[in-house]
Amino acid sequence: MFPPTALPAPAAASSEAVDDLASPDEAARRLALLLASTGEGIFGIDMAGRCTFVNRAACDTLGWRTDEVLGRNMHALIHHSHGDGSDYRECDCPIFNAFRRGDPCRIDDEVLWRADGSAFPAEYSSYPLFEHGEVQGAVVTFVDISKRKLAEEQLRASHDQLERRVAERTSQLRELAHHLEAVRETERKRIAREIHDELGSLLVALKMDVHWLERRVGDSAQRDAMVAKCHRMGGLVDTAVDAVGRIITDLRPSILDHQGLWAALEWQAQEFQLAGSDEREVRFRIFVAADVVSPEGGLAIAVFRIFQEVLSNVARHAKASRVDIRIDVDAPPHPVLYLQVSDDGIGAPDEALNDARSYGVLGMRERAAQFGGRLGIASAPGRGTTVRLVMPLDSGPRQDGSPVAAPPDDAPREGTPS
């Protein structure tokens, strides 16, 4: 191997051959052959920007003959305008700046112009040309990148089409999920009504029959035992009635349909407080601005189910000694609900909350997004958890199933206590 700046001398050559190789005419011939053989367009310019040499590839690409290019100002000839047709000032030309400022460049986002007036995307480079340590001009190489740009455009179009298809499919899946949730809620409501009407009525009738038997036990020797038996049967019936009531409430709280969302949220918070241990402190506050109509239908169900899921997670996982629940609703004409549940429990790492298998969290976020809302969770191991729901109350899901824009997550204004 030889150093980059050194050239090996011929091992055996006559003095005539050495003189022939070193002659200026032979060097010029070989340089002309090299320039003519390369596939890239190459031309040189002097300090005035006039063409001093140009190779065949450059002339073929530009559509000019060699004699038509030599001595011409190359900026005015092939670089006079931007791709949109606007004027390209010579003082801004990167090609000329290579010898004017000594700034070499490599550009791939501009166009050059052909002799027939058409433009083509080009990648070009311009480097200062030195002689005896002085800049004498610049040498420019360029290549037509129309095919590359076309391939990039096709790739970009394909990517955009793929994104549109993914967005459409996501929208369809959201709409399907919303439909399935609506069907599920309708079925829950139907089952709860049937359990209440059928099984509830039977249990009440059975309770009345047990009381009737208790009052009519005739055999005094068996009376005490029969009365005790009736009491136990009555207790079992009471337990069954309570269980049926709990199942009905889990399926579809009647308070949500009869008294509205605000009452249902307050009732759920009270149930959460009653179901907890005496060591857990629960603080609940709700402020609803005047003239805010309680939402109904799917929006009310979504808010209520999210609240249920949050409290259920606190009860099962948090091991908290204090839970703060705050609900605020802005005033019309664009009311927004802010629901926040904070606890001082064990917390959870971000990986657990963002895990693809955290179906409870995913379900809450999807419920919120379906109606333009946003669910945020801030948590860390040993530092508790805060869940915040921001939900606009004057909008429903779009027809295509995509979520509407969520409101800003700023501090709510307090209204009239509910």
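Me: In which helix is leucine 353 found?
Reply: In this predicted model, leucine 353 is found in helix α12, which covers residues 350–353.

Me: Why is leucine 353 called buried?
Reply: The relative accessible area of leucine 353 is 13%. A residue counts as buried when this value is under 20%.

Me: With which residues is leucine 353 in contact, leaving aside its neighbours within four places in sequence?
Reply: Leucine 353 is in contact with Ala348, Ser358, Val361, Arg365, Ile377 and Ser379. One of these, serine 379, is 26 residues away from leucine 353 in sequence, while their C-alpha atoms are 8.6 Å apart in space.

Me: How do you know that proline 392 is buried?
Reply: Proline 392 has a relative accessible area of 7%. Since buried means under 20%, proline 392 is buried. Proline 392 lies in strand β10, residues 385–392. From alanine 368 it is separated by 24 residues in sequence and by 9.7 Å in space, C-alpha to C-alpha.

Me: What makes arginine 114 and aspartate 144 a salt bridge?
Reply: The N to O distance between their side chains is 3.6 Å. A salt bridge requires a side-chain nitrogen of Lys or Arg within 4 Å of a carboxyl oxygen of Asp or Glu, and therefore this pair qualifies.

Me: Why does arginine 114 count as partly exposed?
Reply: Its relative accessibility is 25%.

Me: What is the N to O distance in the salt bridge of arginine 89 and aspartate 92?
Reply: The side chains of arginine 89 and aspartate 92 meet at 3.1 Å, N to O. Aspartate 92 is partly exposed, with a relative accessible area of 38%. The structure holds 13 salt bridges.

Me: What makes β4 and β5 a pair of strands?
Reply: Strand β4, residues 119–131, and strand β5, residues 134–144, are joined by 10 bridges in the antiparallel sense. Pairing requires at least two bridges, and β4 and β5 therefore count as paired. Within this pair, serine 126 has valine 140 as its bridge partner, and tyrosine 124 stands opposite phenylalanine 142. The two strands form a hairpin with two residues between them, and histidine 132 in the turn has a positive phi of about 55 degrees.

Me: How do you know that β3 is joined to β4?
Reply: Seven bridges join β3 to β4, and the two strands run antiparallel. The requirement is at least two bridges, which means that this pair also qualifies. Arginine 106 stands opposite serine 125 in β4. This hairpin has five residues between its strands, and glycine 117 in the turn has a positive phi of about 90 degrees.

Me: Why are β2 and β3 called edge strands?
Reply: The open sheet has five strands in the order β2-β1-β5-β4-β3, with antiparallel pairing. Strand β2 (51–54) and strand β3 (105–113) each pair on one side only. On average, neighbouring strands of this sheet are turned by 30 degrees against each other, direction ignored.

Me: Which residues form a nonpolar patch on the surface?
Reply: The patch consists of Leu173, Leu176 and Leu180, with about 280 Å² of accessible area together. Leucine 173 is found in helix α7, residues 146–215.

Me: How many helices and strands does the protein have?
Reply: The protein has 13 helices and 11 strands. Of its 418 residues, 35% are buried.

Conventions. Residues are numbered from 1 along each chain as its sequence is written. This is a predicted model: local features need pLDDT of at least 70, side-chain atom pairs count only at pLDDT 80 or more; totals for chains, interfaces and linings use all residues. Side-chain values use heavy atoms; hydrogens and water are left out. Helices (H or I, at least four residues) and strands (E, at least two) are DSSP runs, numbered from the N terminus. Axes are lines fitted to C-alpha atoms, for helices over the stretch in contact, and angles run from 0 to 180 degrees between N-to-C directions. Patches are made of residues with over 30% relative accessible area and no salt bridge: like charges are joined within 9 Å, nonpolar side chains (Val, Leu, Ile, Met, Phe, Trp, Tyr) within 5 Å. Accessible areas come from the Shrake-Rupley method with a 1.4 Å probe; for residues, only the protein chains shown count as cover. Buried means under 20% relative accessible area, exposed over 50%, partly exposed in between (1.4 Å probe, protein chains only). Contact means heavy atoms within 4.5 Å.
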